[in-house]
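Subject: Handing over a structure

Hi,

Here is the structure I promised to pass on to you. Have a look at it first, and then read on for my notes.

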Amino acid sequence: MDLQIHGQANARLPAAYRQVLVSWSVQGGLNPPVITRARGCHFFDQDGKSYLDMTSGYVAVPLGHGHPKVVKAIQQQAEKLCWVASSYFNDVRAEYAELLNRISPWPEGLRVHFASGGGEANDDALKIARLVTRRSKVLTAYRSYHGSTIGGSAMTGVDRWRDPMPNLPGMVKFFTPYPYRSPFFTTDAAEETRRALQHLEQVLSHEGAHNVAAIVLEPMTGSSGMVIYPDGYLQGVRALCDRHGILLVFDEVMTGFGRTGAAFAATRLGVLPDLMSFAKGASSSYTPLGGVLVRESVASHFDTELFDVGHTHAGHVLAVAGGIAALKVYLEEGLFERTLEIEGWLREGLLALQRAHPVVGDVRGMGAHFGIELVKDRQTREPLVQWHHAGGSGPMKAFYGELMRRGVHAYGRYNVVMVSPPFVITRAELAEGLDAFDGALTALEKTL
Ligand SMILES: Cc1ncc(COP(=O)(O)O)c(C=O)c1O
């Protein structure tokens with residue numbers, strides 16, 4: 001990700017700051033601000049400068065920071081019980097399972113397996129699919145991000161050039177629709193769907209559909225480009241899975257818990273997978289919580305077979321208590337529905353930016369989850385920076401640096417900037433954030 005922040009302010013920090021390896025970054029020359037506290041949609045550095053968070057961190061803090069109900073629930077649970085082995089039943093884990101069943105997209109109900117984050121959850125989803133089907137191969141999209149664990153990296157399609165390790169055996173990639181830059185050489189959405197499904201059928205035929213345990217997809221891609229699939233595509237993938245006895249796994253780590261205007265993107269898009277991985281928004285990242293939601297008809301497989309998956313921290317009681325509190329706030333405050341209102345504000349504001357700035361090639365999104373795709377030329381759609389290592393990211397670093405200078409945080413990858421604010425953002429805060437985007441886009445265009 002393009003997350004490297006080269007500020008000036010902290011050149012003389014104590015050495016301990018540099019003894020923490022910064023994710024996804026070359027360490028030399030890093031100088032991000034030192035963040036010491038946060039409240040609502042803002043976080044603050046040690047000098048008191050505030051940053052409005054237009055991407056909810058890594059699309060992970062939908063409630064903003066310091067929600068009193070979640071903080072209190074975590075405090076109370078910490079006093080009672082932080083952790084107990086997952087081999088025991090536990091009241092907190094049971095309460096969460098019950099709540100999850102209230103928002104389940106599956107009428108038949110679900111069971112939950114716990115992990116600590118999204119990458120781990122996706123690794124576990126693979127294991128579950130392989131245990132259930134006794135098949136080995138797994139298909140994932142080239143345009144995808146599934147995490148930084150060994151399994152998550154193998155599933156991930158973007159930035160494969162970075163990975164010094166060979167791909168894991170059995171992991172197969174395919175191309176998915178991308179209406180703005182069709183890999184299937186069409187500008188017609190229906191044709192894109194048809195050709196993409198034909199391509200997937202061919203991949204299945206060559207790999208042997210009977211060898212395939214799962215197809216794993218983000219229902220709308222996140223940091224790999226914020227791509228929304230054209231109508232009928234996910235339905236077509238579902239039908240192929242049904243035909244061949246393949247489990248469909250939705251990675252809802254980013255889209256789950258209200259981000260796209262419903263509890264899950266599966267609900268919004270009307271396509272039911274068999275498993276869904278989750279993390280991030282589940283606890284609004286107040287505690288490290290992730291996992292896999294398994295539809296009842298698949299989970300019941302393990303009533304007579306060994307569920308050979310687990311972690312010391314699976315169902316960490318304090319982490320789950322954070323999940324319960326966050327989910328109750330989402331439901332009590334109607335925040336999943338509120339993302340539909342934010343969708344209207346974002347669409348209006350971002351389309352206005354597109355009209356004002358030729359560098360904005362495309363605006364797309366759902367709920368409180370939008371991407372803007374930057375181009376050198378609107379006609380040719382040539383990306384502002386290329387989607388590979390030779391592309392360089394100089395202009396993008398300058399863009400994010402300018403946003404920070406203006407007191408706004410956002411992130412993205414290559415030429416796609418993500419705009420995914422907390423669900424509690426006010427219209428005035430959003431307008432302030434979009435104003436900073438306007439200024440940063442103007443500054444960017446002056447350098448082109
Ligand atoms: C769609 C998706 N899957 C998985 C992950 C990995 O989650 P984590 O960073 O919690 O391991 C991410 C993180 O950005 C993600 O966006």
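Before any counting, a word on terms: helices (H or I, at least four residues) and strands (E, at least two) are DSSP runs, numbered from the N terminus. On that basis, the protein has 13 helices and 16 strands. Please keep in mind that this is a predicted model.

**Overall dimensions**

Taken along the principal axes, the C-alpha atoms fill a box of roughly 65 × 60 × 40 Å.

On the α6 side, the contact is made by Thr193, Ala196, Leu197, Leu200, Glu201 and Leu204. Helix α7 contributes Tyr233, Gly236, Val237, Leu240 and His244. Sorted by class, this contact of α6 with α7 holds 7 nonpolar, 3 polar and 1 charged residues.

**The pair α2 and α10**

Helix α2 (residues 68–80) and helix α10 (residues 317–332) cross at roughly 150 degrees, with axes that come within 9 Å. Here the cut-off is over 145 degrees for roughly antiparallel, which means that α2 runs roughly antiparallel to α10. The crossing of α2 past α10 is right-handed. From α2, the residues in contact are Lys69, Val70, Ala73, Ile74, Gln77 and Ala78. Facing them from α10 are Val317, Leu318, Ala321, Gly322, Ile324, Ala325, Ala326 and Val329. By class, the contact of α2 with α10 is made up of 11 nonpolar, 2 polar and 1 charged residues.

**Around the ligand**

Which residues are closest to the ligand? Of the 16 residues that surround the ligand, the closest are Gly117, Gly118, Gly119, Gly147 and Val253. Helix α4 (residues 118–133) supplies the largest share of this shell, with 3 residues. The shell around the ligand divides into 5 nonpolar, 9 polar and 2 charged residues, and Gly is counted among the polar ones.

Best wishes

Conventions
Residues are numbered from 1 along each chain as its sequence is written. This is a predicted model: local features need pLDDT of at least 70, side-chain atom pairs count only at pLDDT 80 or more; totals for chains, interfaces and linings use all residues. Two residues are in contact if their C-beta atoms, placed from the backbone, lie within 7 Å. Axes are lines fitted to C-alpha atoms, for helices over the stretch in contact, and angles run from 0 to 180 degrees between N-to-C directions. Angles under 35 degrees count as roughly parallel, over 145 as roughly antiparallel, 65 to 115 as roughly perpendicular and the rest as oblique. A crossing is left-handed if the near helix is turned anticlockwise from the far one by less than a right angle, and right-handed if clockwise. A residue is near a molecule or strand if its C-beta atom, placed from the backbone, lies within 6 Å of it.
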